[in-house]
Amino acid sequence: MQTLHALIIAGLILATPVPARAQPPAVPILDGQVVPLWQGAAPGAQGTEDRDIPAITVFLPRTMAPNTPAVIVCPGGGYGALASNHEGRQVASYLNSLGVAAFVLRYRLGPRYRHPIQIGDARRAIRMVRSHATEWRIDPARIGIMGFSAGGHLAMTASTLFDAGDAAATDIVDRAGSRPDFSIPGYPVISMTAAWTHQGSKRNLLGEKPDEELAKTLSGELAVKKDTPPTFIFQT
């Protein structure tokens, strides 16, 4: 079964290439480095603690070849915590064993932060890796997103609500597109409207009485479209 999973994930990582984006000035990247997603305060930040500073932690394969594929990893935790060990660091180590660079995302959580803060953090992480693809030796056309439980919902949302970037942005990271090239949601929270919805995740993300139309927009079973990237959903 592990071999099957590895083959499927490898197939997604070999997604159809797209043209490379313009690259920003060189920024050093080190294994284990924590990279804040914004210089200065992140949009909507309510403080200066770690919980207010979205970031990616870098996990690199032993041999970093040019055009290495990369995965943004979103730990679960019901949008109220982050399971950053077994759904973050351990997953990154497995991806590294396949020759894949991994970036574990520390996104902001409810009830302190509500939508759209979380999707903004995920999009920014994809843009960050893509905009630094050349100097980080990443293939800009093979950058995926993977998530577990509520992190799987975030990965799904990033795969259905994305944009091509803003070519006129003064921040060069914002010029990169936020569409992942593939998506791997693991036992994900999907719906925000069904009777079986994980209510804790919904409450942390949207509050006690969310707008019904917004909840539909954030329900993956209703949001898939023709340009949603190749996706492998697995359940345990």
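**Packing, rings and burial**

Colleague: At what angle do helix 3 and helix 5 pack?
Modeller: Take helix 3 as residues 117–131 and helix 5 as residues 150–160; their axes are 10 Å apart. Helices here are DSSP runs (H or I, at least four residues; strands are E, at least two), numbered from the N terminus. Axes are lines fitted to C-alpha atoms, for helices over the stretch in contact, and angles run from 0 to 180 degrees between N-to-C directions. The packing angle is about 70°.

Colleague: How is helix 3 oriented relative to helix 5?
Modeller: Angles under 35 degrees count as roughly parallel, over 145 as roughly antiparallel, 65 to 115 as roughly perpendicular and the rest as oblique. The angle of about 70° therefore makes helix 3, relative to helix 5, roughly perpendicular.

Colleague: Before we go on, at what pLDDT do side-chain atom pairs count?
Modeller: Residues are numbered from 1 along each chain as its sequence is written, and side-chain values use heavy atoms, without hydrogens and water. The model is predicted: totals for chains, interfaces and linings use all residues, local features need pLDDT of at least 70, and side-chain atom pairs count only at pLDDT 80 or more.

Colleague: Which residues of helix 5 meet helix 3, and how do the contact residues divide?
Modeller: A contact means heavy atoms within 4.5 Å. Gln118, Ile119, Ala122 and Ile126 of helix 3 meet Leu154, Thr157 and Ala158 of helix 5. Ala, Val, Leu, Ile, Met, Phe, Trp, Tyr, Cys and Pro count as nonpolar, Asp, Glu, Lys and Arg as charged, and the others, Gly among them, as polar. The contact residues divide into five nonpolar, two polar and no charged.

Colleague: How many aromatic pairs are there, and how far apart in sequence are the parts that Tyr79 and Tyr107 tie together?
Modeller: Rings of Phe, Tyr and Trp (its six-membered ring) pair if their centres lie within 6.5 Å; planes under 30 degrees apart count as stacked, over 60 as edge-to-face and the rest as tilted. The count is six aromatic pairs. Tyr79 and Tyr107 are edge-to-face, 6.2 Å centre to centre with 70° between the planes. Tyr79 is in the loop between strand 3 (68–74) and helix 2 (85–97) and Tyr107 in the loop between strand 4 (101–106) and helix 3, so the parts tied together are 28 residues apart.

Colleague: How many residues separate Phe148 from Phe234?
Modeller: Their ring centres are 6.2 Å apart and the planes at 75°, so this pair is edge-to-face. Phe148 is in strand 5 (residues 138–148), Phe234 in the segment after helix 8 (220–223), and the two are 86 residues apart.

Colleague: Is Trp38 buried or exposed?
Modeller: Trp38 sits in the loop between strand 1 (34–36) and strand 2 (55–59). Beyond four places in sequence, Trp38 touches Pro43, Pro54, Arg108, Gly120, Asp121 and Arg124. Buried means under 20% relative accessible area, exposed over 50%, partly exposed in between (1.4 Å probe, protein chains only). The relative accessible area of Trp38 is 17%, so Trp38 is buried.

Colleague: How many residues of helix 6 are buried, and which are they?
Modeller: Helix 6 (residues 199–206) is mostly covered, with six of its eight residues buried. These residues pack against helix 3, helix 5 and helix 7 (212–217). They are Gly200, Ser201, Lys202, Asn204, Leu205 and Leu206.

Colleague: What share of the 236 residues of the protein chain counts as buried?
Modeller: The protein chain has eight helices and six strands. The buried share of its 236 residues is 52%.
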